[in-house]
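Student: I would like to learn how to read a protein model, one feature at a time. Could you take me through this one slowly?

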Amino acid sequence: MNMKTRDIIKKLSNPRVRRRLKIGLSVYGVLIMIGVLFKVVYDIGYFNAQSLKNDKNAELPTTYPVLTMESAQRIVSGALKEDPANPKTIVDQIIDNNHKLSTIIIENNKLKKIAWIIEMRLFFTGDLFNNEGYNLTEGIEHQHNISRGDH
C-alpha cells in the first residue's frame with residue numbers, strides 16, 4: 001500500500017503528468033462553469049417568462065363588460081353600416097344583458113324586432129333556437145308583444 005502511494009506521488013511529480021493533469025482539471029472546471037452559467041441563464045429566463053405570464057393574467061378583466069344602450073347602438077349602427085350620429089335603426093330596449101349573448105329590441109320604420117349581440121361584437125336579427133329546438137326569438141316577441149312583419 002505504501003509502495004503504491006509513493007509510485008503515484010512519483011508519477012504526479014513528473015512535469016508532463018502535472019501539465020496534463022492541470023489541463024484536464026482546467027477543462028473539467030470550465031465545463032462545470034459553463035453548465036452552471038447555462039443553468040442560471042435558463043432560470044432567469046424562465047422566471048422572467050413566468051412573471052410576464054402572471055402580469056398578463058393580472059391584466060385580464062375580472063368583471064364582464066356590461067352592454068349599455070350607447071354601446072348597443074354603436075354595435076348595431078356599425079353592423080348595419082349606418083351613420084352613428086343619425087342611425088335609422090334605433091336600439092329600443094336591452095332585454096337580457098349577458099356578456100356572451102345579449103337580447104335587444106331594435107326599431108326601424110316603426111317596426112320592432114328582436115336582435116342579438118354575441119360577445120359584445122357581433123349583431124344579428126333572425127330566429128335563434130336553443131338546444132331543445134325552441135324558437136327563442138318567437139318566445140321573446142310573444143313575451144314583449146312584438147308582432148312579426150312576416151305573419
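**Reading the model step by step**

Tutor: Let us begin with burial: of the 151 residues of the protein chain, 20% count as buried, where buried means under 20% relative accessible area, exposed over 50%, and partly exposed in between, with a 1.4 Å probe and protein chains only. This is a predicted model, in which local features need pLDDT of at least 70 and side-chain atom pairs count only at pLDDT 80 or more, while totals for chains, interfaces and linings use all residues. Residues are numbered from 1 along each chain as its sequence is written, and side-chain values use heavy atoms, with hydrogens and water left out.

Student: How many helices and strands are there in the protein chain, and in what order do the elements run?

Tutor: Helices (H or I, at least four residues) and strands (E, at least two) are DSSP runs, numbered from the N terminus. Here the protein chain has four helices and four strands, and from the N terminus on they run α-α-α-β-β-β-β-α.

Student: What does the radius of gyration say about the protein chain?

Tutor: The radius of gyration is taken over C-alpha atoms, and the globule rule is 2.2 Å times the number of residues to the power 0.38. For the 151 residues of the protein chain that rule gives 15 Å, whereas the radius of gyration is 38 Å, well over that value, so the chain is more spread out than a compact globule. Along its principal axes, the C-alpha trace spans about 115 × 40 × 25 Å.

Student: Which strand does strand E3 pair with, and in what sense?

Tutor: Two strands pair if DSSP finds at least two bridges between them. Strand E3 (residues 111–118) pairs with strand E4 (residues 122–125) in the antiparallel sense, over four bridges, and Ile118 stands opposite Leu122 in E4. The hairpin of E3 and E4 has three residues between the strands, and in this hairpin Glu119 takes a positive phi near 50°.

Student: Which residues of helix H3 are buried, and what do they pack against?

Tutor: An α-helix has 3.6 residues a turn, so residues three or four places apart point the same way. In helix H3 (residues 69–79), the buried residues are Ser71, Ala72, Gln73, Ile75, Val76 and Ser77, and they pack against strand E1 (90–96), strand E2 (101–108), E3 and E4. Just after H3, Lys81 takes a positive phi of about 55°.

Student: Why does Ser77 count as buried, and what is Ser77 in contact with?

Tutor: Ser77 counts as buried because its relative accessibility is 1%. Contact means heavy atoms within 4.5 Å, and, leaving aside its neighbours within four places in sequence, Ser77 is in contact with Glu82, Pro84 and Pro87.

Student: Where is Ile105 found, and is Ile105 buried or exposed?

Tutor: Ile105 lies in strand E2 and is buried, with a relative accessible area of 3%. When neighbours within four places in sequence are left aside, its contacts include Ile90, Val91, Ile114 and His144. The C-alpha atoms of Ile105 and Ser77 are separated by 14 Å, although the two residues are 28 residues apart along the chain.

Student: Which helix holds Thr137, and what is Thr137 in contact with?

Tutor: Thr137 is found in helix H4 (residues 136–143), and Thr137 is buried, with a relative accessible area of 2%. Leaving aside neighbours within four places in sequence, Thr137 is in contact with Ile114, Trp116, Gly126, Asp127, Leu128 and Arg148.
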